[in-house]
Amino acid sequence: MGRLTEAAGGGAWAARSAGSPPDLLPLSSTSRTTMVSSEEDGTNGGASEASDEREAAGKRRRLGFLATAWLTFYNIAMTAGWLVLAIAMVRFYMEKGTHRGLYKSIQKTLKFFQTFALLEIVHCLIGIIPTSVIVTGVQVSSRIFMVWLITHSIKPIQNEESVVLFLVAWTVTEITRYSFYTFSLLDHLPYFIKWARYNFFIILYPVGVAGELLTIYAALPYVRKTGMFSLRLPNKYNVSFDYYYFLLITMASYVPLFPQLYFHMLRQRRKVLHGEVIVEKDD
Ligand SMILES: CCCCCCCCCCCCC/C=C/C(=O)SCCNC(=O)CCNC(=O)[C@H](O)C(C)(C)COP(=O)(O)OP(=O)(O)OC[C@H]1O[C@@H](n2cnc3c(N)ncnc32)[C@H](O)[C@@H]1OP(=O)(O)O
């Protein structure tokens, strides 16, 4: 018999808030899931505007006034922050005609808004966002790591082209993502935003990851030469840590982790854009 684990439009959240244990990596490649199109299934398909509105109203009721108000504020602030960043980047490039110095000119805004995104992990932990703590945690922590422990800390790599690559990918993604959440909460979601949220990542995710990996790769010689953030023996703590090898391990960890995030988004895409229902098979 099949067990419904995630249905189009917030069913998962309802199930979790009713006390069922949250899936940490929901619908991961290891779980036995089947995608069933609601059209094939003989149901309405969830595409009508009336049902979308009912769904949004139901979601707001479940969330409660305070959580909805906070999330609306948070998403508006984040959309605005990333828009400011996008405008600053375009203006910089139009005025200077080069990417050199771009990171330095936008770093304060970037650090502020990307660090603010740590709240997304809190949102998952307290249950006001119906998504996995691990998926969100990996996504947010890899960004924080790139901002603070790589680009901020290693000045010689700040002018690498790869930095521009991930900055552009992150910025377009976040403007789309946060405006998607904002309009959804306000119950006025233009189809284009929904489409963009669940299509842009197909290109932007690999572009962003390529930018991040190339930037870490560019940092390796500097890290090796300076021994930064490393602890050599003997020392009073009697522990050793080599940031150079840590970076190599981090780069390697993209291989198993990135596909999980990417396939998670592909499943979200099928669910939201095509109304597919995901059924997990019990043995
Ligand atoms: C210490 C070192 C650590 C290093 C680790 C290294 C390994 C790293 C490997 C991987 C690296 C990845 C690097 C990333 C690079 C980039 O970002 S490149 C640019 C392109 N990026 C993207 O496209 C990002 C795509 N990812 C995401 O969107 C998210 O981060 C996500 C967590 C993966 C999204 O998942 P999820 O939240 O499940 O998707 P949604 O469909 O959007 O939302 C699900 C439901 O949750 C609601 N919701 C979520 N957030 C909010 C919110 N802020 N406000 C309101 N509601 C929210 C959303 O509405 C959905 O609700 P329902 O409709 O009820 O289902």
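Reply: An oxygen atom of the ligand lies 2.6 Å from an N or O atom in the side chain of Arg-197. This is a predicted model, in which local features need pLDDT of at least 70 and side-chain atom pairs count only at pLDDT 80 or more, whereas totals for chains, interfaces and linings use all residues. Residues are numbered from 1 along each chain as its sequence is written, and side-chain values use heavy atoms, with hydrogens and water left out.

For the side chain of Tyr-198 the corresponding distance to a ligand oxygen is 2.4 Å, and for that of Arg-143 it is 2.9 Å. The protein buries 91% of the 1400 Å² that the ligand exposes when taken alone (Shrake-Rupley areas, 1.4 Å probe; for residues, only the protein chains shown count as cover).

The shell holds 35 residues, of which Thr-131, Tyr-181, Arg-197, Tyr-198 and Gln-268 come nearest; membership requires a heavy atom within 4 Å of the ligand. By class there are 17 nonpolar, twelve polar and six charged residues, where Ala, Val, Leu, Ile, Met, Phe, Trp, Tyr, Cys and Pro count as nonpolar, Asp, Glu, Lys and Arg as charged, and the others, Gly among them, as polar.

Helices α6 (133–152), α7 (161–185), α9 (201–226) and α10 each supply at least two shell residues; helices are DSSP runs of H or I, at least four residues, and strands are runs of E, at least two, numbered from the N terminus. The largest share, nine residues, comes from α10.

α10 covers residues 243–274, and its 32 residues reach 44 Å from first to last C-alpha, close to the expected 46 Å (1.5 Å times one less than the number of residues). Gly-275, with a positive phi near 60°, comes after α10.

The loop between α9 and α10 contains Pro-234, which is joined to Leu-233 by a cis peptide bond with omega about -5°. α7 has 25 residues and reaches 36 Å, close to the 36 Å expected. Asp-187, in the loop between α7 and α8 (191–197), has a positive phi near 70° although it is not glycine. Most residues other than glycine have a negative phi, and most peptide bonds are trans.

How values were computed. A polar contact is a pair of N or O atoms within 3.5 Å; within protein, one must be able to donate a hydrogen and the other to accept it, and residues adjacent in sequence count only if both atoms are side-chain atoms.
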